[in-house]
Amino acid sequence: MMYSQTGDLWWKNAVLYCADVQTFADSNGDGQGDLRGMTERIEYLADLGVTCLWLMPLYPTANRDDGYDITDFFGVDPRLGSHGDFVELVRTARSAGLRVIVDFVMNHTSDQHPWFRSACRSTEDPFRDYYVWSPTKPRSSRKEVVFPDAEDSIWELDERTGEWYLHHFYKTQPDLNVANPAVQEEIAKTLGFWLQLGVSGFRVDAVPFLFARDSVPGVDDAEAFNPDRYLGDVRSFVTRRVGEAMLLGEVNLPYEEQKRFFGGADGDGLNMQFDFIGMQRLYLSLARADATPLADALRERPALDVTSQWANFVRNHDELTLDKLSKRERTEVFDAFGPEPEMQLYDRGLRRRLPTMLGGDERRIRLVYSLMFSLPGTPVLFYGEEIGMGENLDIEGRLSVRTPMQWSAASNGGFSTAPAAKLVRPLPEGLYSPDHVNALDQRRDPDSLWNHMRRLIRIYRQMPQIGWSTVEVLDHDQPSVLAHVCHCDSWRMVALHNLGPDTCTVTLSLDDVPEGAVLRDALGHGPASDEDVPVVSGTPVELRVEGYAGRWLRLLGPGEECYL
């Protein structure tokens with residue numbers, strides 16, 4: 001088996017869990033989550049079955065963009081703890097079978113970072129070229145602005161030196177000049193530092209903006225900085241330091257452009273990238289109860305080299321972006337899952353979590369995660385997804401989904417012993433409050449969403465071939481059903497997911513099936529030969545799938561078993 005021959009590529013069949021230290025668990029009662037609180041919850045993550053913890057930014061910050069405006073790449077925000085606390089977290093995670101990766105922001109710093117403060121003293125300052133400057137104000141379109149509610153240009157005047165600096169995000173986050181070898185050296189030092197402290201890789205923020213040089217005056221695109229070569233250099237650096245280290249990139253671009261950031265034929269760029277196209281088409285399919293948009297996305301997915309991987313996700317820490325859908329398609333998703341203006345953001349996304357978008361229908365929630373885990377690639381969960389947490393729309397912008405983790409029905413959801421007014425953010429109220437949605441109650445309930453997710457993770461990990469497989473979308477006559485096959489060498493699994501409410505029968509056929517083969521339920525509690533479905537190569541077979549439900553079916557040859 002291919003996956004057994006290259007077991008060092010652990011991310012190919014990992015289960016990632018994204019958490020914000022500040023909102024996960026408070027150990028000292030100050031209302032803020034911290035590293036010690038996170039360490040105390042490692043047992044919870046290990047029991048759930050995740051294998052890699054992705055930490056959102058934990059660096060010192062000016063606190064203008066929830067930690068993504070960094071003032072010291074080598075530091076730990078004192079509100080969260082110390083370097084010693086961080087190392088203890090990494091070692092505790094390792095002892096429980098979890099790796100740790102951290103967010104790394106290569107695109108920009110805070111305007112309070114010592115580099116930028118020095119750069120603003122003079123146009124001749126040694127740190128001046130750490131950033132991108134123009135002596136005249138360049139043209140700028142609102143389409144280039146990441147936060148159009150707060151900024152109307154990607155250039156800002158520095159009144160002290162009379163020049164404009166580039167910032168694709170907030171004006172308090174000046175873009176780094178990554179083409180500058182001195183900046184590349186600083187990036188390498190930072191990566192090396194955190195690898196030395198035990199991390200297994202980095203989630204690289206806003207990758208395309210690192211190389212967005214087309215609006216910089218005097219830069220010829222044909223001679224611009226080569227992102228392919230630089231990402232290859234970064235990957236070589238981290239793997240020389242730690243052989244297992246990986247780079248997971250945030251690259252929200254069309255598939256053909258994403259392929260570039262994986263590198264060449266040998267995959268010498270990013271190891272993993274989020275499948276933003278697949279995620280957005282998933283929500284369009286859910287809105288229509290029609291699997292066609294998602295099926296089309298899976299057919300369009302480029303094939304990758306063996307060392308590269310897609311990261312599948314349902315929700316992340318930002319707004320649920322729908323920017324790659326057409327305006328009409330976005331309207332369909334808005335109408336289905338976020339019809340009120342306060343549920344939307346920038347006319348391109350939603351600031352809600354999945355359970356509230358689906359009206360609390362647990363059948364549909366379970367369906368979505370069954371589908372995500374069945375797809376070739378690596379599943380990524382955002383904290384609280386495993387218990388069906390909701391958002392708090394009273395919190396501004398993207399932070400509506402970054403509320404404290406709901407551990408129990410106790411005061412403050414068990415997140416903190418501080419007075420409620422001191423919490424980093426207020427908890428949701430009503431049906432999604434900790435009284436109704438919390439980890440403690442669900443861990444005790446065998447029929448809960450938490451236990452459903454735990455079981456999906458267990459089955460996914462028992463079939464590591466899913467993470468190494470390629471996908472084939474099957475044709476059939478039921479528009480509401482996505483039918484796909486995961487292929488890994490001779491191993492195959494058929495998955496059916498019905499996005500509609502009505503039970504239906506799907507007729508499909510499989511090729512190159514060995515004589516005497518059967519399809520066996522892989523989501524059941526063990527072998528069930530009386531439910532096996534005989535399959536003949538090229539001959540139609542009928543499979544029943546209930547409304548808002550999924551099925552995983554292993555294709556087994558004579559004498560082959562499915563050990564689950």
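Me: What classes of residue make up the lining of the largest pocket?

Reply: That lining is made of 17 nonpolar, six polar and 18 charged residues, where Ala, Val, Leu, Ile, Met, Phe, Trp, Tyr, Cys and Pro count as nonpolar, Asp, Glu, Lys and Arg as charged, and the others, Gly among them, as polar. The model is predicted, so that local features need pLDDT of at least 70 and side-chain atom pairs count only at pLDDT 80 or more, while totals for chains, interfaces and linings use all residues. Residues are numbered from 1 along each chain as its sequence is written, and side-chain values use heavy atoms, with hydrogens and water left out.

Me: What makes a space a pocket, and what volume does the largest pocket have?

Reply: On a 1 Å grid over the protein atoms alone, a pocket is an open set of points with protein on both sides within 12 Å along at least five of seven lines, whereas in a cavity a 1.4 Å probe fits but cannot get out; lining residues have an atom within 4 Å of a point. The volume of the largest pocket is about 1300 Å³, counted as the space filled by probe spheres set on grid points that are joined across faces, edges and corners. Its lining has 41 residues, and those closest to its centre are Val146, Phe209, Asn252, Asp323 and Lys324.

Me: Which helix gives the largest share of that lining, and which domains each supply at least three residues to the largest pocket?

Reply: Helix α9 (residues 255-262) gives the largest share, three residues, helices (H or I, at least four residues) and strands (E, at least two) being DSSP runs numbered from the N terminus. Domain 1 (114-166) and domain 2 (276-305 + 312-382) each supply at least three residues, with bounds that come from an automatic or database domain assignment. This assignment also gives domain 3 (471-556), and the centres of domain 1 and domain 3, taken over C-alpha atoms, are 56 Å apart.

Me: Why is Pro302 called buried?

Reply: Buried means under 20% relative accessible area (exposed is over 50%, partly exposed in between, with a 1.4 Å probe and protein chains only), and Pro302, at 19%, therefore counts as buried. Pro302 belongs to the loop between α11 (292-300) and β10 (309-313). Leaving aside neighbours within four places in sequence, Pro302 is in contact (heavy atoms within 4.5 Å) with Tyr255, Lys259 and Trp310.

Me: Which residues of α11 are buried, and what covers them?

Reply: Pro293, Leu294, Ala295, Ala297 and Leu298 are buried in α11. Their cover includes α9, α10 (276-288), α14 (362-374), β15 (470-473) and β16 (481-488).

Me: What lines the largest cavity?

Reply: There are seven cavities of 30 Å³ or more in the structure, and the largest cavity holds about 120 Å³ of space. Of its 13 lining residues, Gly278, Met279, Asn312, Phe313 and Leu375 are the closest to its centre, and α10, α11, β10 and α14 are the elements that give two or more residues to the lining. By class, that lining divides into nine nonpolar, two polar and two charged residues. The second largest cavity, with about 90 Å³ of space, has a lining of four nonpolar, four polar and four charged residues, including Asp20, Arg79 and Leu80.

Me: What makes β1 a strand with both faces covered, and which strands pair with β1?

Reply: In strand β1 (residues 16-19), Leu16 and Cys18 on one side and Tyr17 and Ala19 on the other are all buried. Two strands pair if DSSP finds at least two bridges between them. Three bridges join β1 to the parallel strand β14 (residues 378-382), where Cys18 stands opposite Phe382, and four bridges join β1 to strand β2 (residues 52-55), also in the parallel sense, where the bridge partner of Ala19 is Leu55.

Me: Why are β11 and β12 placed at the edges of their sheet?

Reply: Three strands form an open antiparallel sheet in the order β11-β13-β12. β11 (320-321) and β12 (344-345) each have a single partner strand, so one side of each is left without a neighbour in the sheet. β12 pairs with strand β13 (residues 349-350) over two bridges, with Gln344 opposite Leu350.
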